[in-house]
Amino acid sequence: MEPIRMVGFDADDTLWRSQDYFDAAQLEFERLIAPHVDLEAPGTRQRLYQIESRNIGVFGYGVKGMVLSMIEAAVQLTGGRIPSNDIHRIVELGKELLRHPVELLPGIHEAVQEVARDFDVVLITKGDLFHQEAKVRQSGLADVFRRIEVVSEKDPATYARLLEEFELPAGGFIMVGNSMRSDIAPVLALGGWAVHVPYHTTWIHEDTAAAGDTTRLRTVREAAGVPAAVASIAAACPPMAPGARPNRS
């Protein structure tokens, strides 16, 4: 077993609210197309997710991809009957999502700082680079993280690449996040550790993975429990040798 040297944190719905705004945009989208389609017909509400999923490889994650997928879905679902002013409203929904304030989740600021007293902490998030960088700046947490990584996907290959760059074996790394698909399962698959902090609402795409090796997983219900969970993992591993903490860059 390796000593714990680094802790990674997810951003959206781990550090700050995000999915709530996307859920609200989804409801407004449904309101716009409701005069033209039967929302209760089988598969209607699932069509947007299907289109978004198909488009991830083209547009990536984030607001812009969601808005383009909404426009495509609106045209398809309404047979092209969606008025131009409603298309404009969908574009405005995207602008509102990009401008929403960064609202840190209760206790997370203190939790990150407490963990950072004992370990190097990094931020690993995916989505639109410009939007994610703006949210990090507004969060007041940018200076706490040794590195901030905005990646196109959070899968085992991405984590393996980052760990190689950090010159860190997977067993010395803990990932903290709300998504089983993006934050938990890939790191456990590599032999790392994870702390799952479920959020009250999750995009279905992020909730479609099994945890894997749960012996390396801790679950807490709120941010205040993260430092203790990290400490319990570290206590189960060999102590870190003096001077072994990676140099900050």
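**The nonpolar core**

Modeller: Start with the largest nonpolar core, which has 34 residues. Val7, Phe9, Leu15, Ile174, Val195 and Val226 touch the most other members. A nonpolar core here is a set of buried Ala, Val, Leu, Ile, Met, Phe, Trp, Tyr and Cys residues joined through side-chain atoms within 4.5 Å; buried means under 20% relative accessible area with a 1.4 Å probe, protein chains only. This is a predicted model, with local features needing pLDDT of at least 70, side-chain atom pairs pLDDT 80 or more, and totals using all residues. Residues are numbered from 1 along each chain, and side-chain values use heavy atoms, without hydrogens or water.

Now zoom in on Val195. Beyond neighbours within four places in sequence, Val195 is in contact (heavy atoms within 4.5 Å) with Ile174, Met175, Val176, Gly177, Ile184, Arg218, Val220, Ala229, Val230 and Ile233.

A second, separate core has 20 residues, including Phe22, Leu32, Ile51 and Met70. Follow Met70 into α3. There, Val63, Lys64, Met66, Val67, Met70, Ile71 and Ala74 meet Ile87, Ile90, Val91, Gly94, Leu97 and Leu98 of α4. That contact divides into 11 nonpolar, 1 polar and 1 charged residues. Met70 also takes part where α3 meets α2, and Ile51 is among the α2 residues there. This contact has 8 nonpolar, 5 polar and 4 charged residues. Here Pro joins the core types as nonpolar, Asp, Glu, Lys and Arg are charged, and the others, Gly among them, are polar.

Note on methods
Helices (H or I, at least four residues) and strands (E, at least two) are DSSP runs, numbered from the N terminus. Buried means under 20% relative accessible area, exposed over 50%, partly exposed in between (1.4 Å probe, protein chains only).
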